[in-house]
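Dear colleague,

Please find the structure below, handed over for your records.

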Amino acid sequence: KGIGRQCVVFNCSDGLDYLAMAKFFKGVAASGAWACFDEFNRIQLEVLSVVAQQVLSIQQAQNEGKKQFMFSGTNLPIKANCGVFITMNPGYAGRAELPD
């Protein structure tokens, strides 16, 4: 009689690359879990550009009601209730301002 949702909180660092983020996103999309990326603006700007495209492809698949979608060269199942959330702490040393 309980209800719950798996939520993974990950503390981002400047060492993350788009391949590592893709692994997170694949798991989140396929399992229907939620992921919260803490201090998202610590990721390098070059990586953020690719990550934004990865998140966009997940959102588009959700909005179109797809059961499967292409993600990083893989035909991946997607559960509509998956979610990606971020937190940022702008103004701290080592944090980038996100581009528009």
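**Helix packing**

The crossing of α1 and α2 is right-handed, a term that applies if the near helix is turned clockwise from the far one by less than a right angle, with anticlockwise giving left-handed. This is a predicted model, in which local features need pLDDT of at least 70 and side-chain atom pairs count only at pLDDT 80 or more, while totals for chains, interfaces and linings use all residues. Residues are numbered from 1 along each chain as its sequence is written, and side-chain values use heavy atoms, with hydrogens and water left out.

Helix α1 covers residues 18-31 and helix α2 residues 45-63; their axes come within 9 Å and cross at roughly 20 degrees. The two helices are therefore roughly parallel (angles under 35 degrees; over 145 is roughly antiparallel, 65 to 115 roughly perpendicular and the rest oblique). Axes are lines fitted to C-alpha atoms, for helices over the stretch in contact, and angles run from 0 to 180 degrees between N-to-C directions. Helices (H or I, at least four residues) and strands (E, at least two) are DSSP runs, numbered from the N terminus.

On the α1 side, the contact (heavy atoms within 4.5 Å) is made by Y18, M21, A22 and F25, and on the α2 side by V47, V50, V51, Q54, V55 and I58. By class, this contact has 9 nonpolar residues, 1 polar residue and no charged residues. Here Ala, Val, Leu, Ile, Met, Phe, Trp, Tyr, Cys and Pro count as nonpolar, Asp, Glu, Lys and Arg as charged, and the others, Gly among them, as polar.

V84 has its place in strand β5 (residues 83-86). Leaving aside neighbours within four places in sequence, V84 is in contact with F25, V28, A35, F37 and V55. V84 is partly exposed, at a relative accessible area of 27% (buried is under 20%, exposed over 50% and partly exposed in between, with a 1.4 Å probe and protein chains only).

C36 belongs to strand β2 (residues 34-38) and counts as buried, at 17% relative accessibility. Not counting residues up to four places away in sequence, C36 touches V8, V9, F10, F85 and T87.

Q6 is placed in the segment before β1 (7-11) and is exposed, with a relative accessible area of 53%. Beyond its neighbours within four places in sequence, Q6 is in contact with A33 and W34. The C-alpha atoms of Q6 and C82 are 9.6 Å apart, although 76 residues separate them along the chain.

**Salt bridge**

Side chains of opposite charge can pair when their charged atoms come close. The count comes to 1 salt bridge (a side-chain nitrogen of Lys or Arg within 4 Å of a carboxyl oxygen of Asp or Glu). K66 forms a salt bridge with E64, with 3.2 Å between the closest N and O atoms. K66 is partly exposed, at 41% relative accessible area, whereas E64 is exposed, at 52%.

**Backbone angles**

Most residues other than glycine have a negative phi. E39, which is not a glycine, has a positive phi of about 55 degrees. E39 is found in the loop between β2 and α2 and counts as buried, at 12% relative accessibility. S72 also has a positive phi, near 50 degrees. S72 lies in the loop between β3 (68-71) and β4 (74-77) and is partly exposed, with a relative accessible area of 49%.

Yours sincerely
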